[in-house]
Amino acid sequence: MLELDKATLARLIEEKKPERVLVNCPPGILVKCIEIVSSMAEEYGFEVIFSGEPCYGICDLAENEAFTLDVDLSIHIGHSASSGIIGRSTYLIEAYDDVDVIPVLKNALERCLIEYKRLGLCSIGPHLHKLEEAKSFLESKYFEVFVGDEVPPLKKGQIFGCNFSTCTKIASRVDAFIFVGSSRFHAIGLYNSLEKPVIMLDPYTREVVSVEKEALAIKKRLIFNFYKATEAQKIGIIVGLKEGQYRIEEAFHLYKELKKVGRKAIMIAMREITNDKLNEFRDIEAFIETACPRIGEDFFDKPVISLEYGHKLIEYLKRDKS
């Protein structure tokens with residue numbers, strides 16, 4: 001069962017004594033957040049507003065909304081980082097899940113772990129406190145187990161969908177990575193980042209999944225979209241408006257470089273990047289999005305490539321032009 005860190009939340013409220021609070025959280029825990037924070041609002045006597053916008057990570061804050069709503073305190077619940085404060089002034093409140101991880105580890109032993117001797121362990125916020133238990137269990141079965149040290153903003157053993165630095169540090173020492181959690185998104189990102197076997201252990205369903213096939217299919221689609229983008233004459237460059245995804249300088253750099261190689265570039269600003277929104281730009285043939293490096297993995301009618309692939313596109317077009 002998922003539990004919020006109510007003690008830290010209460011200490012924060014007592015310290016800041018806010019009159020108005022904005023709460024931002026992932027949709028999966030919104031109902032629990034409303035229940036807990038509404039109760040605290042009555043107890044401590046503050047007004048509370050819950051953001052109805054999507055929330056995918058610590059890059060997805062609500063600080064602009066906090067300014068507009070004139071709140072005293074902005075709280076982001078459900079995502080964690082090595083620091084308790086993120087952005088300009090957003091406080092992070094963690095959510096923990098006490099689901100038992102041992103049953104799925106036992107399933108993995110029976111199904112696939114026998115192939116490996118040295119394992120890297122990682123997870124996301126709700127399960128990080130279970131990694132030491134998982135490590136001890138695997139070591140008792142004679143595996144050599146590594147957990148990557150803290151690399152801010154990542155905690156020890158933590159990965160984000162766009163940041164795998166804790167695993168990069170131990171990649172040369174492991175045969176495979178064990179991701180504890182139910183997010184294929186994170187597991188696939190880890191595989192495509194380090195190109196080592198990644199086994200996802202879902203503690204809820206006790207499912208054991210190798211993500212290699214899915215990860216390679218996504219990488220193939222990304223490469224296909226890159227080469228389709230090389231054929232485009234008019235390219236949209238998307239600036240993400242979310243606080244942690246705002247890269248205006250990088251976007252304008254791509255804009256200038258594309259013009260140098262004879263492409264027409266159009267600057268576009270978006271908070272949520274969706275297929276329907278992009279299809280409104282009917283004469284644009286491809287897009288480079290500078291917001292989240294994983295957005296291009298979604299299905300779009302036109303090629304959408306990341307900032308990294310955008311730089312590769314410039315290099316490709318320069319060579320082609322010469």
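Reader: How much space lies in the second largest pocket?
Author: About 560 Å³, in a model that is predicted.

Reader: Which residues are closest to its centre?
Author: Of the 25 residues lining the second largest pocket, Pro293, Arg294, Ser306, Glu308 and Tyr309 are the closest to its centre.

Reader: Which elements give two or more residues to that lining?
Author: Helix 7, helix 8, strand 16 and helix 11 do. Helix 11 gives the most, with 4 residues.

Reader: And by class, what does the lining of the second largest pocket have?
Author: It has 11 nonpolar, 7 polar and 7 charged residues.

Reader: Which of its residues are buried?
Author: In helix 8 the buried residues are Ala215, Ile218, Arg221, Leu222, Asn225, Phe226, Ala229 and Thr230.

Reader: What do the buried residues of helix 8 pack against?
Author: They pack against helix 7 (184-194), strand 13 (234-240), strand 15 (286-289), strand 16 (304-305) and helix 11 (307-321).

Reader: New topic. How many residues has the largest nonpolar core?
Author: The largest nonpolar core has 42, and Phe177, Leu190, Leu258 and Leu313 have the most contacts inside it. Helix 8 is among the elements that give two or more residues to this core.

Reader: What is Phe177 in contact with?
Author: Beyond its neighbours within four places in sequence, Phe177 is in contact with residues including Gly120, Cys167, Leu190 and Ile199.

Terms used
Residues are numbered from 1 along each chain as its sequence is written. This is a predicted model: local features need pLDDT of at least 70, side-chain atom pairs count only at pLDDT 80 or more; totals for chains, interfaces and linings use all residues. Side-chain values use heavy atoms; hydrogens and water are left out. Buried means under 20% relative accessible area, exposed over 50%, partly exposed in between (1.4 Å probe, protein chains only). Contact means heavy atoms within 4.5 Å. A nonpolar core is a set of buried Ala, Val, Leu, Ile, Met, Phe, Trp, Tyr and Cys residues joined through side-chain atoms within 4.5 Å. On a 1 Å grid over the protein atoms alone, a cavity is a set of points where a 1.4 Å probe fits but cannot get out, and a pocket is an open set with protein on both sides within 12 Å along at least five of seven lines; lining residues have an atom within 4 Å of a point. Grid points are joined across faces, edges and corners, and a volume is the space filled by probe spheres set on the points. Ala, Val, Leu, Ile, Met, Phe, Trp, Tyr, Cys and Pro count as nonpolar, Asp, Glu, Lys and Arg as charged, and the others, Gly among them, as polar.
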